[in-house]
Amino acid sequence: MRQPLVVATAGLALIVLWSVATVHVNYKNRWTGLFCIGQYHPVPPPLRANSYVFPKSTGFDGQFYRDIAHDPWNQRGFGQYTDDARLRYRRILLPLLANVLAFGRDQWIDAVYICLEWFSAFLGAYWVGRYAQLQGRSAWWGLAYFLLPSTLIALDRMLTDLPFTTLCVGFFYFAYRKNFPGMFVAAMLACLTREMGVILVGGYTAHLLWRRDFRRAIILCGALIPFGVWYLVESHFTSGVSLPYACCSYPGSSIINAMRTPFPYPLPAVIAHSVQAFDVLSLLGFVICSILVLRVASGQKGEQSGRIWVGTGFVLLAVMASCIPDSFNDAYDYGRQYSPIPVLLLFAAIAERNVILLAPVALITWRVAVQVLPQASAIVRSI
């Protein structure tokens, strides 16, 4: 028990040090720089004074969840400042927790939100370390959680993907421990964090039905109730489009198009070509991850055989998304949206003592690291 805590704490300390450094050097000591607020998306007037805004930028999703944290019931009209209020408010858990724990005080909410992201990373690493111990491996495997693409991306942009990924880790960990109440709670919270938690519930429910465990299958479906209730509630005070998306002609077309027409980075030719090469390698890494997760999950037995159902669900989601134009153009998108796939590979690598299984995940992580390189370079120059 103690060593996973030490490992998770060590990783958390590195995260905090990095955050302090990048905020001080890159964001002029303005912590709201972590939310990546863009100039082209207006900030709610009450929040403008404390907002670090990136000029000539559309920003990123974290800016919208920050707005929701300051107005989780849309009573102040902050929903009109998001790109799709209905979609964003559906992912309520992190923003609502930040608001509640900060007692609704605007001056505290941003800090609490950031701390919740840090705690999510800590908890995910702790669960991975505990799982490794139960498999007779070193708890230092927990540090690998900090290197997953979804962890790095979410910490860089303050996204809901990190809490969601952590809850998936908790779900798989509790499944291994045969702790059904823990699984239920993790699944219920995952659905409230991102709607893709429905796949987590649906996949494992299918596994239980296959094993004719009808009682637990029915109970696990109950984890969807809070999500369903919130879906109905928030639809009364939000609006948005969410769906449908335009589709290409065949699955995988978005990935193929991204490889064939690399993004024209406004950089010197040598650097631009290097980044484009990393883009291709990252996409290949994601495809290999999706294939591998089906192979390794299919070899699991007992309670762990449920991973094949969950893994298949997320792979099918990625396949469907690959029909949508431009959905695989940015590693900061696909690198976090299908986070349970790398998590399942991490669990398999631990169980099989085969770190090679994480090689395709590393390709995505390297592309994310390239994105963060300018921040790191500025920090080094300031020393």
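Visitor: How many cavities of 30 Å³ or more does the structure hold?
Guide: Two. A cavity here is a set of points on a 1 Å grid over the protein atoms alone where a 1.4 Å probe fits but cannot get out. Points are joined across faces, edges and corners, and a volume is the space filled by probe spheres set on them. This is a predicted model: local features need pLDDT of at least 70, side-chain atom pairs count only at pLDDT 80 or more, and totals for chains, interfaces and linings use all residues. Residues are numbered from 1 along each chain as its sequence is written, and side-chain values use heavy atoms, with hydrogens and water left out.

Visitor: How much space lies in the largest cavity?
Guide: About 50 Å³.

Visitor: And what lines the largest cavity?
Guide: Lining residues, which have an atom within 4 Å of a point, are Ile37, His41, Pro42, Val43, Pro44, Gln63, Phe64, Asp67 and Tyr81.

Visitor: Switching to Asp279: buried or exposed?
Guide: Buried, with a relative accessible area of 12%. Buried means under 20%, exposed over 50% and partly exposed in between, with a 1.4 Å probe and protein chains only.

Visitor: Which residues does Asp279 touch?
Guide: Tyr265, Tyr334 and Arg367, not counting residues up to four places away in sequence. Contact means heavy atoms within 4.5 Å.

Visitor: Which residue does Phe171 touch, then?
Guide: With that sequence neighbourhood of up to four places again left out, Phe171 touches Met183, Ala186, Ala187, Leu200, Tyr204 and Leu220.

Conventions: On a 1 Å grid over the protein atoms alone, a cavity is a set of points where a 1.4 Å probe fits but cannot get out, and a pocket is an open set with protein on both sides within 12 Å along at least five of seven lines; lining residues have an atom within 4 Å of a point.
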